[in-house]
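Q: I have not looked at this one before. Can you walk me through the sheet?
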Amino acid sequence: MRPQDLLRPEPAGLYCPPGDFYIDPTRPVDKALITHGHSDHARAGHGAVLATEETLAIMAVRHGEHFAGTMQAADLGKPLAINGVEVTFHPAGHVLGSAQIAVKRDELTIVASGDYKRRRDPTCRGFEPVACNVFITEATFALPVFRHPDDRDEIARLMASVRRFPERAHLVGAYALGKAQRVMALIREAGHAGTIHIHGALERLTALYRDFGVDLGDLAPATTDKADGPGIDAFAGAIIVCPPSAMSDRWARRFPDPVTAFASGWMGVRQRVRQRGVELPLVISDHCDWGELTETIGEVGAEEVWVTHGREEALVRWCELNGIRARPLHLVGYEDEAE
Ligand SMILES: [Zn+2]
Ligand SMILES: [Zn+2]
């Protein structure tokens, strides 16, 4: 069997003809396998969805209980048969519940890794390399200039700023699914035991992380309305985590002289820091950097690599220079990095 007969790009997403299912389809389909809960991968309106228990729970929070006709939870590492195709979910290390999907028929294995990272993340299971013939990789930060620093050093800079400016609030912009909870967990690991305040838009997903056993310590709403919460002075020296969009809202101006921080892989790019007017950029990414992408490709031992969303050309070229067949998939409908 040729790889393109087992999985191929179609307008609705990656399609498996013998299994008659799609992976992370961008349009409503009869049967969808979903790698993780980010909204560009996990859309509502499919006939049937197969995903990890955590991803199903995230989709229910985002899209309501009836986000698909039927839902089935996939256990990590347990093969399932779909129309004679063997499908196995493996941890991807990207966000809570994120999985790579291995698709196998006869002697051919293709791994669709979804979004993934290799760094330790206290809020989700670590990436497990899966040997395969064809590896489908994302390419969000696929340029040699991208080298993410140690996230503990980034959080240490946040904590130093909190100590240095005890009269100011620290507003940390972080994407609502994954990044926000990881930042909170890292703040705890850095030894900060005080209350962390969270924007209302983070409440349900953060509660879901806690339901799945992720310990985030003492959290409280970032309510500034005196009628139902503390006055703004209470936020002097406080850490407030919010979605990036809230940082430029009127909401953000209520806090005492806030230091604006933003946790994103893109904060390694000076122009983006300036564009957003971020005072304290924190380079914390839920995607691999260049070194991690190329190491992973070596580790899974694939003869062929398909590259999708991001800087596809550079990684395709790297594979070719290293004697690995490679091609860009040109799938559309996925975002760069969810901010
Ligand atoms: Zn993602
Ligand atoms: Zn993605």
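**The sheet and its helices**

A: This is a predicted model. Its open sheet has seven strands in the order β7-β8-β9-β10-β11-β18-β19, and the pairing is mixed.

Q: Which are the edge strands?
A: They are β7 (80-82) and β19, each of which pairs on one side only.

Q: And what does the twist average from one strand to the next?
A: It averages 25°.

Q: Which helix packs on β10, β11 and β18?
A: Helix α7 (residues 290-300) does, touching β10 (108-112), β11 and β18. The direction of α7 makes about 170° with that of β11.

Q: What about β18, is it mostly covered or exposed?
A: Mostly covered: β18 spans residues 304-310, and six of its seven residues are buried.

Q: How many bridges does β18 make with β11?
A: Six, in the parallel sense, with β11 covering residues 134-139.

Q: What do β18, α8 and β19 make together?
A: A right-handed β-α-β unit, in which helix α8 takes up residues 312-321.

Q: Where does α8 lie on the sheet?
A: Across β11, β18 and β19, and α8 runs at about 170° to β19.

Note on methods. Residues are numbered from 1 along each chain as its sequence is written. Chains are lettered from A and ligands numbered from 1 in the order in which they are written. This is a predicted model: local features need pLDDT of at least 70, side-chain atom pairs count only at pLDDT 80 or more; totals for chains, interfaces and linings use all residues. A residue is buried if 20 or more other C-beta atoms lie within 10 Å of its own, exposed if 12 or fewer, and partly exposed in between; C-beta atoms are placed from the backbone. Helices (H or I, at least four residues) and strands (E, at least two) are DSSP runs, numbered from the N terminus. Two strands pair if DSSP finds at least two bridges between them. A crossover is right-handed if, with the strands pointing away from the viewer, the path from the first strand over the helix to the second runs clockwise. Axes are lines fitted to C-alpha atoms, for helices over the stretch in contact, and angles run from 0 to 180 degrees between N-to-C directions. Two residues are in contact if their C-beta atoms, placed from the backbone, lie within 7 Å.
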